[in-house]
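Please keep the model open while reading.

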Amino acid sequence: MTTAQLSVVFFLQLAVIIAACRGVGWLAKRYLGQPQVVGEMIAGVVLGPSLLGLFVPDIQGLLFPKESQGVLFVGAQFGVGLYMFLVGLGFRGDHFKANAGSAAAVSLSGMAAPFLLAVLITPWLISHGLFNENLTSAQATLFMGACIAITAFPMLARIIHERGLSGTPLGTLSLSAGAIDDVGAWTVLAIVLATFGDGPMVAVKAIGGGAAFAIFMLTLAPKLLAPLGRRAERMGRVDHTTLGIVLILFLLSAWAMDAAGIHAVFGGFLLGCVMPRGVLTTELRKQLEPFAVVVLLPMFFTYSGLHTQLTLVDNMELALVTVGILVASILAKGVACWAAARMTGQDNATAMGIGALMNARGLMELIILNIGLQKGIIGPALFSIMVLMAIITTLMASPLFELVYGRKARARGELGELKEKDSDLAEMREAQP
């Protein structure tokens with residue numbers, strides 16, 4: 001396709017993506033009680049080969065030709081990275097410090113149990129021919145452990161916003177643990193890729209680069225960013241010059257994490273966490289949030305959905321494997337996080353709420369699965385099984401959270417009432433501290 005043809009296709013794609021995500025998101029909220037974000041995840045799968053491509057493949061092919069997916073990928077990474085920057089702007093550092101021990105314990109337990117599970121089930125999966133035959137048992141176990149252990153960091157962040165948990169100790173604890181979880185999972189993935197043929201420098205770059213970036217952002221960056229905060233306070237607003245500087249810093253942060261082999265979302269999130277609070281963060285959210293949430297983020301969901309083909313789980317044997325992985329994954333992650341929260345002083349209801357939220361795997365897992373499929377680590381069948389697990393655990397997160405914690409907390413006045421709104425942006429703004 002020529003660049004002119006790509007432009008024509010892109011505008012049509014974006015119109016369809018926004019319409020589908022807003023429509024399915026509204027249906028999910030209205031009839032299923034799910035957050036807008038879960039509907040958008042489903043919309044991405046609907047637009048892919050699992051539904052639209054299955055029933056009207058010609059139309060799906062015209063809307064999303066393979067040549068255009070590179071452009072969609074870049075937009076998707078920009079969208080999810082910018083959204084995580086906005087999440088970082090609302091992150092409460094005081095709550096994180098107060099819950100640092102609990103966050104570390106929940107995260108480590110939520111990783112240790114799934115990796116133990118992976119040790120037990122990976123030989124069974126290998127016997128079914130679901131991994132590359134050239135992969136060693138250790139490599140397959142590490143990859144499977146990363147897939148089961150990961151928490152959908154962007155998805156978790158948006159669920160926390162939409163459930164009114166932003167700024168609360170539970171929300172901050174869950175988000176902190178989810179961040180630690182995902183960094184660990186990406187590090188393990190880098191090790192697998194290094195041992196599978198990409199070379200040891202992949203792991204060294206990911207671990208060393210990620211650690212150096214995090215140390216810089218948490219120690220020196222707040223002092224370097226302080227003049228931006230003072231400028232915004234003095235002017236009472238964020239002018240175009242300040243906005244341009246912030247966006248440049250965001251892009252450099254996303255580039256640093258992508259170049260290190262972690263993921264752009266962590267660069268954006270860390271930058272948002274250390275931005276000076278006050279007029280600067282309030283105005284940045286007002287200016288950037290609508291476009292990021294309504295236009296850019298749906299591209300991320302759609303791109304992942306275009307690489308998901310659920311029809312590959314087409315026999316009883318694979319169905320049983322799917323059920324086994326699903327049940328074991330939910331129990332390993334949920335029970336481990338609940339137990340760790342209880343052992344670090346959280347009451348039972350809060351611990352159960354944390355376990356419910358941490359079980360959402362969503363599209364961060366889809367990213368890992370796509371990498372595994374592209375690198376030849378897993379086959380299409382295991383890819384589809386794990387995608388089903390990611391979707392089901394994410395669909396479970398909000399209803400299960402409301403059942404074990406949300407309803408009682410709202411009745412006690414600890415959380416605001418959930419209200420039906422035409423725009424999830426209003427909900428997200430109300431959730432900000």
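## Helices α7 and α16

The crossing of α7 with α16 is right-handed. This is a predicted model. Helix α7 spans residues 100-127, and helix α16 spans residues 316-343. They pack at an angle of about 155°, and their axes lie 8 Å apart. Because angles over 145 degrees count as roughly antiparallel, α7 is roughly antiparallel to α16.

On the α7 side, the contact is made by A105, V106, S109, G110, A113, P114, L117, I121, W124 and L125. On the α16 side, L320, V321, I325, A328, S329, A332, K333, A336, C337, A340 and A341 take part. By class, this contact of α7 with α16 has 17 nonpolar, three polar and one charged residues.

## Helices α11 and α13

Helices α11 and α13 pack at an angle of about 155°, with 8 Å between their axes. They are therefore roughly antiparallel to each other.

Helix α11 brings K205, A206, G209, G210, F213 and M217 to the contact. Helix α13 brings S253, A256, M257, A259 and A260. The contact of α11 with α13 divides into seven nonpolar residues, three polar and one charged.

## Helices α5 and α13

Helix α13 also packs with α5. Here the angle is about 115°, and the axes are 11 Å apart. The crossing of α5 and α13 is right-handed.

From α5, the contact takes F78, G81, L82 and F85. From α13, it takes V246, L247, F250 and L251. By class, the contact of α5 with α13 has seven nonpolar residues, one polar and no charged ones.

## The second largest pocket

How much space lies in the second largest pocket? The volume is about 520 Å³. The pocket is lined by 25 residues. Nearest its centre lie W186, I262, H263, I367 and I371.

By class, the lining of the second largest pocket has 15 nonpolar, six polar and four charged residues.

How values were computed:
Residues are numbered from 1 along each chain as its sequence is written. This is a predicted model: local features need pLDDT of at least 70, side-chain atom pairs count only at pLDDT 80 or more; totals for chains, interfaces and linings use all residues. Side-chain values use heavy atoms; hydrogens and water are left out. On a 1 Å grid over the protein atoms alone, a cavity is a set of points where a 1.4 Å probe fits but cannot get out, and a pocket is an open set with protein on both sides within 12 Å along at least five of seven lines; lining residues have an atom within 4 Å of a point. Grid points are joined across faces, edges and corners, and a volume is the space filled by probe spheres set on the points. Ala, Val, Leu, Ile, Met, Phe, Trp, Tyr, Cys and Pro count as nonpolar, Asp, Glu, Lys and Arg as charged, and the others, Gly among them, as polar. Axes are lines fitted to C-alpha atoms, for helices over the stretch in contact, and angles run from 0 to 180 degrees between N-to-C directions. Helices (H or I, at least four residues) and strands (E, at least two) are DSSP runs, numbered from the N terminus. Angles under 35 degrees count as roughly parallel, over 145 as roughly antiparallel, 65 to 115 as roughly perpendicular and the rest as oblique. A crossing is left-handed if the near helix is turned anticlockwise from the far one by less than a right angle, and right-handed if clockwise. Contact means heavy atoms within 4.5 Å.
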